[in-house]
There are 2 protein chains.
Amino acid sequence: MPRLSQMTDSATVARAGKRDRLVEAARDLFHRNGVERTTLADIAKESDVPLGNVYYYFKTKDDIVHAVIDAHADQIRELFRTLDRHRGPRARLIAFTREIARSGPVVADHGCPLGTLCSELGRRGDDLSEAAATLMRLRVEWASEQFRLMGRKDATNLAVTLVSTIQGAALLANSYRDPAVLTGQTRYLRRWINDLA
Amino acid sequence: MPRLSQMTDSATVARAGKRDRLVEAARDLFHRNGVERTTLADIAKESDVPLGNVYYYFKTKDDIVHAVIDAHADQIRELFRTLDRHRGPRARLIAFTREIARSGPVVADHGCPLGTLCSELGRRGDDLSEAAATLMRLRVEWASEQFRLMGRKDATNLAVTLVSTIQGAALLANSYRDPAVLTGQTRYLRRWINDLA
DNA sequence: GTCTATATATTGATAGAC
DNA sequence: GTCTATCAATATATAGAC
């Protein structure tokens, strides 16, 4: 996947522009309606790209799904780069939970963008299944590193608890159509983090 | 929806038999492949019922989804009737977490049957969305009652924490394809329950 | 690189004989 | 109540002119 900074001629720039628009539209539609219910025609329409032209950028629908997963991964890594600026691991974890809490309203409406993707793709047992799981791993590994820096031997277990609590709260917040379910659980998590030795 | 005990003539018995088979097959396929990826032909084949005959029992595919949700609800209520035999609320909650842990392997393979259903239907915003949410509510309300019996004023919040922790662990167990993620979190939950005043 | 037209397959759903 | 045949709509994907 070429990066914008590597683009030179106008053709390649146009390519990146349309490709990015397609991925962005697909990401949004996958989140709102799910992968299975989103058609290529939906993505093409939302991107303002003719349907036939989509296949110049992506050979199959699964290729688009993969690109969306990559886009999510990039965003996750970018968030963690920002959070890593905090002075200590505990402050970073707390900041992470606040970031999650900020997503309450959209999660209540359409679920967690990562969680719903993993839930939908997790059963397939193909390469997309594993690619989606990577999104969860990114969070778990980052959190695990923070707990490790706090001197915890059970860092991985704590990280799994943190990430899964967020995912469960997101599912319930969506079911109840109530952002408070998610924000309430993040508040609980902050207390939990602060109480750790 | 007629009950088996009300059946008399052979026609009605056959009706219930086929209907039950269709619902059971649909429930299994929805769990393994998701609602959207499951076709009526799949359900018909698995039930050994001709495709055209499915429409005698269900007007639309959504009607089958609704019937599956009802079947889940019945099973949930039945489990709670069993758990209610335990002497106290704390023992009932502990038993519940053990029941969840027992589902580790199947959850690692295909996700939580209830969670994936709520995740898939939750975004639709229609009546099926609300029907699926009822499955989560059943668990939350039962758990809430137990915490209330334990004298907790924040019973509902505790119940939400319990149920969402299970759902999050189920999602991660499926992503990691590792039952231990779910069983580990239920162990954590049992300690949490026992530590409550 | 772009876009219209269309092939091909699959789906939910119906018709109508039995 | 049952089941075969099939419709109509929709989906992914391709062909080929520009």
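**View 1. The rotation axis and the residue of chain B beside which it passes.** In this predicted model, Gly168(B) is the residue of chain B that comes closest to the rotation axis, its C-alpha atom lying 1.8 Å away. Chain B can be laid on chain A by a turn of 180° and a shift of 0.0 Å along the axis, and the RMSD of this superposition is 0.0 Å. The two copies are therefore related as by a two-fold rotation axis. The same surface serves both copies, since 100% of the contact residues of chain B recur in chain A.

**View 2. The fold of chain A.** Along its principal axes, the C-alpha trace of chain A spans about 55 × 40 × 30 Å.

**View 3. The interface between chain B and chain A.** Here 41 residues of chain B are in contact with 41 residues of chain A, and the two chains bury about 3300 Å² between them, with 54% of that area on carbon and sulfur atoms. Between chain B and chain A there are 12 residue pairs in polar contact, counting pairs in which both residues have pLDDT 80 or more. On the side of chain B that touches chain A, at least two residues each come from helix H1 (10-33), helix H7 (113-122), helix H8 (127-149), helix H9 (155-176) and helix H10 (179-195) of chain B. H9(B) gives the most to this side, with 14 residues. Divided by class, the residues of the side of chain B that touches chain A are 14 nonpolar, 19 polar and 8 charged.

**View 4. Salt bridges that link the two chains.** Over all chains the model has 24 salt bridges, and the count between chain B and chain A is 4. One salt bridge is formed by Arg123(A) with Glu120(B), whose closest N and O atoms are 3.6 Å apart. In another salt bridge, the side chains of Glu36(B) and Arg37(A) meet at 3.7 Å, N to O. Glu36(B) lies in the loop between H1 and helix H2 (40-47) of chain B, while Arg37(A) lies in the loop between H1 and helix H2 (40-47) of chain A, so this pair joins two chains.

**View 5. The protein surface near DNA strand C.** Of the 17 residues around DNA strand C, those that come nearest are Lys18(A), Tyr57(A), Thr39(B), Tyr55(B) and Lys61(B). Of the atoms of DNA strand C that come within 4 Å of the protein, sugar and phosphate account for 73%. Helix H1 (10-33) and helix H3 (51-57) of chain A, together with helix H3 (51-57) of chain B, each supply at least two residues of the surface near DNA strand C. Sorted by class, this surface has 8 nonpolar, 6 polar and 3 charged residues.

**View 6. Contacts with phosphate oxygens of DNA strand C.** For Leu40(B), by contrast, it is a backbone N or O atom that lies 3.0 Å from a phosphate oxygen of DNA strand C.

Conventions: Residues numbered from 1 in each chain as written. Chains lettered and ligands numbered in written order. Predicted model: local features only at pLDDT ≥ 70, side-chain atom pairs only at ≥ 80, totals over all residues. Heavy atoms only, no water. Near = heavy atom within 4 Å. Polar contact = N/O pair within 3.5 Å; in protein donor to acceptor, adjacent residues only side chain to side chain. Helix = DSSP H or I, 4+ residues; strand = E, 2+ residues; numbered from the N terminus. Nonpolar A, V, L, I, M, F, W, Y, C, P; charged D, E, K, R; others polar. Contact = heavy atoms within 4.5 Å. Buried area = accessible area lost by both parts, 1.4 Å probe. Least-squares fit on C-alpha atoms with pLDDT ≥ 70 in both.
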